Amino acid sequence: MYQLSAQDLEVQSRTRALIDEVIPYEVQAEMNRGELPAEIKARHHSRARELGLLATNMPAELGGGGYTMLQQVLVQEQVGRATNALGWMVSTPPQWFPPVATPYQLERWVIPGVLGEASECYAITEEGAGSDVDAISATARRDGDDYVLNGVKWHVTSYNEATYAFFQAKLTDGPHAGEHAMFIVDLPSEGVRVDRTPAYSHTIDHHHPVVAFEDVRVPVLHLVGEEGGGMAFAYEWFRFERVMVAARCLGAAERLIEEATAFAKERVVYGSPIIEFQLIKAMLADSLTELFAARSIVYETARGIDAGIDVKVQHAHASMVKLYASEMANRVADRAVQIFGGRGYMRENVAERFFRELRVERIWEGTSEVQRLIIADQLAKRGVSTLV
Ligand SMILES: Cc1cc2nc3c(=O)[nH]c(=O)nc-3n(C[C@H](O)[C@H](O)[C@H](O)COP(=O)(O)OP(=O)(O)OC[C@H]3O[C@@H](n4cnc5c(N)ncnc54)[C@H](O)[C@@H]3O)c2cc1C
C-alpha cells in the first residue's frame, strides 16, 4: 500500500513497536495528571534512543536521523496512536535551526538537542496575539553587547521540560525597529518566571504555562539569524509542524477505528453484535474512507517536500493536510465515542481521551480558519492546477 519502500516500512514498524510498548500506560498517565513514574518515563526514552527514533528530522551530519519527510511522517503517524502524549519522547528538535545557526549556537543548543540533552519550547503567542503573530507586544532592546527582552507569553508548551526557549519579540530601536527577531533564552534565567500554569482539556505532563520575561538580558550571540528575520523561522516551523500534526492525526484515527471496530464486533445489543447494525457500519465506513483520503494526501505532501517542489506549494499543501487530517480525526473520535456508548465517555476509554486530545489539533500551529485562509490565498495566486 502507498508504494512504501522496504526502508520506509522498516521505519514504520520500528516506531510501531515502541508505541505499542507505551500504550498500556495510557490509563495510568490519564489518572495521574499525565505523569508516569520517572523510571518508566526514562525507560521509554532510552527505548526511543535505542531504536534510533530521537531527532529523526535532524541532519545525519549533526548526529540526527536524516530521515526523509515521508519517513518522518511514518514515525509521527505511529506517535499519534498513543494518547496522553506518551509518544512525545520521539523528539523533533527545531529542524529549521541548523541552516541559520552560528557555530556557537550549533555547539550550545543544536547538537545537545540532537543528542537528547537539550530541548526547546516556543514563546511566541501572547494574550493579544495568536493567529495574528504580528500583533505581539514583546520587545527586544539592544544594550551594548546584550539584548534586553520583555513580554508575557501564553501557552508555552513543554516549558516545564525545556532547557531553553525561543522568544519572539519586536525590536525597539535600530535599523530594524518594529520588526521581529527571535532570541534564545536559557531556562532557568534571571527575569523569567511562570505567572500561572492553567489546566487544559488534555491530560499530559507537558505544561503550557503563561510565562513572564522581565528585563531578561541575553548576549547578542543568542539572536537567531538576523534582526528582522524572526517571522521567517516561525513560518518554516509551522510548515514542518503542520505536516507532523496531520501525521499524528492519521495514527489517532487508525487506532480509534481499530478499537471501535473491535468493540463493535464484540458488543451485543438486542441480541446482535452492534457491527451488524447499519447505522454503526456507516460510522465505521465513513471513518475508514476519510482516513484513507487523509493518509493519501499526507503521504503525497511528504513526497512533494522530499522532491523539493515549490516552497509556496509546500506551504499550501501543509495547510491542506493539517486542516483535513485534524478535522477528519475529530470526526472519527466523535463517532468512536458514539460507538462505545456510555463507555466512550469514561476517561479510561481511548475514544474519550482522543475526543478531548484531538480538539487542539484544529487550533494550534494555526487554526482551521487560518489554514483555510492560507489555502484560499494560494488558490487565488496560483490557480487550481498548480496546487492539486
Ligand atoms: C494546548 C496549546 C498549546 C500551544 N502551544 C504553543 C506554544 O508552544 N507556543 C506558542 O507560541 N503558542 C502556542 N499555542 C498557541 C496557539 O498557536 C494559538 O492558540 C493559536 O494560534 C490561535 O491563537 P489564539 O488562541 O490567540 O486565537 P485567536 O487568534 O484569538 O483566534 C480566535 C478565533 O478567531 C479565529 N480567527 C482568527 N483570525 C481569523 C480570520 N482572519 N478569519 C476567520 N477567523 C479567524 C480563529 O480561527 C479562532 O477561531 C498553543 C495553544 C494551545 C491551545
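Tutor: A residue is called buried when its relative accessible area is under 20%, exposed when over 50%, and partly exposed in between, with a 1.4 Å probe and protein chains only. The model is predicted: local features need pLDDT of at least 70, side-chain atom pairs count only at pLDDT 80 or more, and totals for chains, interfaces and linings use all residues. Residues are numbered from 1 along each chain as its sequence is written, and side-chain values use heavy atoms, leaving out hydrogens and water.

Student: Is Ser 201 buried or exposed?

Tutor: Ser 201 is found in the loop between β6 (192-196) and β7 (210-219); strands here are DSSP runs of E with at least two residues, helices are runs of H or I with at least four, and both are numbered from the N terminus. Because its relative accessible area is 54%, Ser 201 is classed as exposed.

Student: Is Glu 30 buried or exposed?

Tutor: Glu 30 is found in helix α2 (residues 26-30). Leaving aside neighbours within four places in sequence, Glu 30 is in contact (heavy atoms within 4.5 Å) with Asn 84, Thr 203, Arg 347, Arg 353 and Arg 356. Its relative accessibility is 0%, so Glu 30 counts as buried.

Student: What percentage of the area that the ligand exposes alone does the protein bury?

Tutor: The ligand is surrounded by 16 residues, each having a heavy atom within 4 Å of it. An oxygen atom of the ligand is 2.6 Å from an N or O atom in the side chain of Ser 131, and a nitrogen atom of the ligand lies 2.6 Å from a polar side-chain atom of Thr 157; a polar contact is a pair of N or O atoms within 3.5 Å. For Glu 369, an N or O atom of the side chain is 2.6 Å from an oxygen atom of the ligand. Taken alone, the ligand exposes 980 Å² by the Shrake-Rupley method with a 1.4 Å probe, and the share of this that the protein buries is 63%.

Technical notes. Polar contact = N/O pair within 3.5 Å; in protein donor to acceptor, adjacent residues only side chain to side chain.
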